[in-house]
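Reader: Hi, I have a structure open and would like to talk it through. Can we keep it brisk?

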Amino acid sequence: MKFFRKQIGVIIYFLIWVLLIAMFWINRGDSSNAMGFGLLAFWIVLPLSSFVIAFLYGKREGYKKWGIILVFGIMAILCQSLTFDLANTLSSGKIHIPEWKLVFWGAIPAFVGMGLGYMLKKRKK
């Protein structure tokens, strides 16, 4: 139970991530919402949630917390791969592999949040 309390932020992020993927596939028939979904998911919801959760983790002790930045970056690229890339692969038959350089862009909000949380923790000491 202690493990779940310590990792509640990652669990919440994972649930948001799964919800976004499910929303994409449920609304897949309505292609007019694709741009709105892309903007909402990849430019608002995922970056904001990774920023907030990384900020909260940044105020914790230890060095293992910094690995969450890479996790959030990988999860962001996997969200794109399991939504738009997979839909394009299924419709065109051409395989779209993940662009691993996008891990960097998915990790930026988490890095900023972690840094701000860490600085706030050090400032209070």
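Reader: Is Lys121 buried or exposed?
Author: Lys121 is buried, with a relative accessible area of 11%. Buried means under 20%, exposed over 50%, and partly exposed in between, using a 1.4 Å probe and protein chains only. This is a predicted model: local features need pLDDT of at least 70, side-chain atom pairs count only at pLDDT 80 or more, and totals for chains, interfaces and linings use all residues. Residues are numbered from 1 along each chain as its sequence is written, and side-chain values use heavy atoms, with hydrogens and water left out.

Reader: Which side chain does Lys121 meet in a salt bridge?
Author: That of Glu61, at 3.6 Å from N to O. Lys121 lies in helix α5 and Glu61 in the loop between α3 and α4 (67–92), so the pair ties together parts that are 60 residues apart in sequence. Glu61 counts as exposed, at 57% relative accessibility.

Reader: What counts as a salt bridge?
Author: A side-chain nitrogen of Lys or Arg within 4 Å of a carboxyl oxygen of Asp or Glu.

Reader: How many salt bridges are there in the whole structure?
Author: A search finds 2. Glu99 and Lys101 form one, with their closest N and O atoms 3.9 Å apart. Glu99 is partly exposed at 43%, and Lys101 is exposed at 61%.

Reader: New topic. How many helices and strands does the protein have?
Author: There are 5 helices and 0 strands. Both are DSSP runs numbered from the N terminus: helices are H or I with at least four residues, strands E with at least two.

Reader: And how much of the protein is buried?
Author: Buried residues make up 32% of its 125 residues. Ser49, in helix α3 (residues 34–58), is buried with a relative accessible area of 10%. Its side chain reaches the backbone oxygen of Val45 at 2.9 Å.

Reader: What about the surface? Which residues make the nonpolar patch?
Author: Tyr63, Trp66, Phe104, Trp105, Ile108, Phe111, Val112, Leu116 and Met119 make a patch of about 990 Å². Patch residues have over 30% relative accessible area and no salt bridge; nonpolar side chains (Val, Leu, Ile, Met, Phe, Trp, Tyr) are joined within 5 Å, like charges within 9 Å. Trp105 sits in helix α5 (residues 102–124) and is exposed at 58%.

Reader: Which residues gather in the patch of positive charge?
Author: Lys2, Arg5, Lys6 and Lys64. Arg5 lies in helix α1 (residues 2–6) and counts as exposed, at 60% relative accessibility.

Key:
Areas by Shrake-Rupley, 256 points an atom, 1.4 Å probe, with all protein chains shown as cover. Lys, Arg positive; Asp, Glu negative; His and termini not counted. Charge placed at Lys NZ, Arg CZ, Asp CG, Glu CD. Polar contact = N/O pair within 3.5 Å; in protein donor to acceptor, adjacent residues only side chain to side chain.
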